[in-house]
Protein chains: 2
Amino acid sequence: MPNQYQYVKVFAPASVANVSCGFDVMGLALDHPGDEVVARRTEEPGIQITRVTGENGVLPTSVSENTAGVAVRALLGHLGSDVGIELEVHKKMPLGSGLGSSAASSVGAVVAVNRLLGLPCTSDELLTFAAEGERVACGTPHLDNVAPSLFGGFVFIRSREPQDVIGLDCSKPLFATVVHPQIEIRTEDTRKILRRNIPLQKAVTQWGNIGGLVAGLLKGDYELISRSMQDVIIEPIRSVLIPSFAEVKEAALDAGALGSGISGSGPSIFALSRDNETATAVGKVMQHEYEEIGLDNEVYISPINKEGPRILEEVQL
Amino acid sequence: MPNQYQYVKVFAPASVANVSCGFDVMGLALDHPGDEVVARRTEEPGIQITRVTGENGVLPTSVSENTAGVAVRALLGHLGSDVGIELEVHKKMPLGSGLGSSAASSVGAVVAVNRLLGLPCTSDELLTFAAEGERVACGTPHLDNVAPSLFGGFVFIRSREPQDVIGLDCSKPLFATVVHPQIEIRTEDTRKILRRNIPLQKAVTQWGNIGGLVAGLLKGDYELISRSMQDVIIEPIRSVLIPSFAEVKEAALDAGALGSGISGSGPSIFALSRDNETATAVGKVMQHEYEEIGLDNEVYISPINKEGPRILEEVQL
């Protein structure tokens with residue numbers, strides 16, 4: 001029987017959804033940044049969010065409006081439990097940046113509470129609960145941020161309904177660079193501008209690249225990964241919302257990145273590289289493009305997180 | 001320096017293009033049936049097709065109208081050679097069946113001639129020449145039959161232009177069953193009925209399945225292969241041209257097949273199974289469906305061909 005805990009503090013990683021060609025079906029986890037979530041048992045039954053720090057306190061503490069609260073409520077509902085739980089959410093990454101901020105909070109919360117209660121739920125169940133957090137954050141229970149944040153590594157979402165998530169282990173090292181220009185884009189808006197219909201010919205090009213990227217990762221073939229990181233459907237439309245997108249991407253590729261694209265629905269732009277040195281050089285040139293036009297920005301350089309969330313502290317019951 | 005030959009006879013395998021969800025990007029080779037092509041040096045420069053046997057002699061012997069002739073002409077054109085070559089094409093599989101008949105002839109021809117001449121061309125070059133044969137057969141230089149016929153196994157076509165073909169080695173055995181109802185469908189017609197635009201939502205479902213199938217093959221995961229063999233774009237449209245398609249497919253799945261769908265553009269229907277016994281049982285029930293409605297048919301049961309074409313006979317120069 002696994003231990004139960006009085007107090008658990010969890011780190012859950014940021015994630016890059018879509019990964020160029022994999023709209024709605026692919027995502028990867030970063031080692032950092034990420035959110036921290038504390039779960040604590042209380043006498044009084046039910047869920048309370050007692051603190052939300054970071055991001056200027058703009059996030060709600062109402063359980064039904066906060067992604068972490070919604071996700072934990074789904075978990076307790078599944079268990080039929082009225083255990084008393086206090087949550088603290090410490091945002092350590094920007095909101096609305098395209099780095100899976102809401103997903104990290106949901107994932108951190110369900111992992112912390114599941115551990116608190118002695119691991120009653122499977123990871124597949126946790127994924128479902130975390131996805132409920134996404135539903136409140138962006139209208140749809142998308143898995144392409146919660147799944148990588150929860151499982152680590154590259155994940156492929158074959159199907160959301162029924163939930164079918166596949167890990168894509170890459171035998172070769174990969175490092176991510178993400179530049180976040182300090183503008184806000186609402187995920188909702190980035191969905192609205194997409195076309196409902198697409199040309200079959202472009203869809204075929206896209207699924208060629210998706211299969212290529214999956215094969216490239218599983219075979220550890222950098223060149224194939226690089227050739228496959230092309231999005232002919234979503235990027236041409238969404239990139240118009242991101243200042244200097246073409247210039248930043250081109251600079252990243254020129255500096256040696258294997259590929260580059262929009263992180264999730266943006267505005268962050270990510271790149272993948274073979275090693276930390278290249279990822280760092282790529283970060284410099286991407287940042288340079290934004291400095292040229294005087295746009296505040298932040299750069300993250302991180303290996304791919306392979307383990308998912310980490311337990312930072314815990315106190316046994 | 002490789003040997004040169006006076007005479008080479010090659011077997012080139014049939015193939016199943018698309019493999020359910022992989023429209024235009026995936027194909028697999030069968031161990032049998034297949035075509036046989038003979039190439040022989042002659043004194044007189046240029047290409048002649050001296051014999052075409054099988055399929056009631058309906059195929060042209062004119063070099064510019066026969067896929068084998070067109071493919072060999074592309075090869076010699078590339079070499080700038082006016083060597084004299086006589087071809088015989090022995091059709092051992094039905095035309096217009098969806099089994100890559102034209103591709104097998106083109107592939108057999110370029111492999112035979114390349115060997116005759118001491119292997120001057122790479123396999124990637126041979127692929128391009130064989131694709132020229134497809135252009136004359138169906139209007140477009142599709143690779144999803146010529147690539148598996150030439151390389152063997154499962155192949156993934158990331159891109160046709162530029163040509164980027166990836167082998168997908170599956171560590172687990174797979175057996176194909178193909179039933180060919182004796183009706184003729186022109187590939188051209190099967191293309192015409194496709195919609196030029198498709199809903200983005202369906203495209204996402206499709207690329208989920210494509211990535212799943214690629215991962216399932218590379219991981220040797222039968223269950224994932226099975227879950228991924230679903231085509232929501234092409235099959236619902238093309239299957240209306242194939243009598244009893246739904247019944248035949250359902251019978252195959254009920255008999256234990258991992259998946260089933262249209263072979264290429266039809267009318268043949270294929271299924272994949274874990275072992276020869278299941279593939280044989282699947283063949284029986286598929287055939288039974290056509291016997292019920294009194295439609296003549298032929299059934300093929302074959303392991304996946306992993307080697308591509310085979311040299312059957314040769315005489316050194």
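This is a predicted model. Begin with the loop between β9 (259-262) and β10 (269-273) of chain B, where B:P267 lies. A cis peptide bond links B:G266 to B:P267. Its omega is about 5 degrees.

Chain B also has a cis bond between B:E161 and B:P162. Here omega is about 0 degrees. B:P162 sits in the loop that runs from β5 (154-160) to β6 (163-168) of chain B.

| Residues joined | Omega |
|---|---|
| B:E161 and B:P162 | about 0 degrees |
| B:G266 and B:P267 | about 5 degrees |

**Positive phi**

Now to phi. B:N18 is not a glycine, yet its phi is positive, at about 80 degrees. The residue belongs to the loop between β1 (5-17) and β2 (26-42) of chain B. Is B:N18 buried or exposed? B:N18 has 6% relative accessibility, so it counts as buried. The cut-off for buried is under 20%.

In chain A, A:L119 is found between α2 (101-116) and α3 (123-138), in the loop. A:L119 is another residue other than glycine with a positive phi, near 55 degrees. Its relative accessibility is 43%, so A:L119 counts as partly exposed. That class lies between the buried limit of 20% and the exposed limit of 50%.

To recap, B:N18 is a buried loop residue, while A:L119 is a partly exposed one.

Notes. Residues numbered from 1 in each chain as written. Chains lettered and ligands numbered in written order. Predicted model: local features only at pLDDT ≥ 70, side-chain atom pairs only at ≥ 80, totals over all residues. Heavy atoms only, no water. Helix = DSSP H or I, 4+ residues; strand = E, 2+ residues; numbered from the N terminus. Buried < 20%, exposed > 50% of the residue type's maximum accessible area, 1.4 Å probe, protein only.
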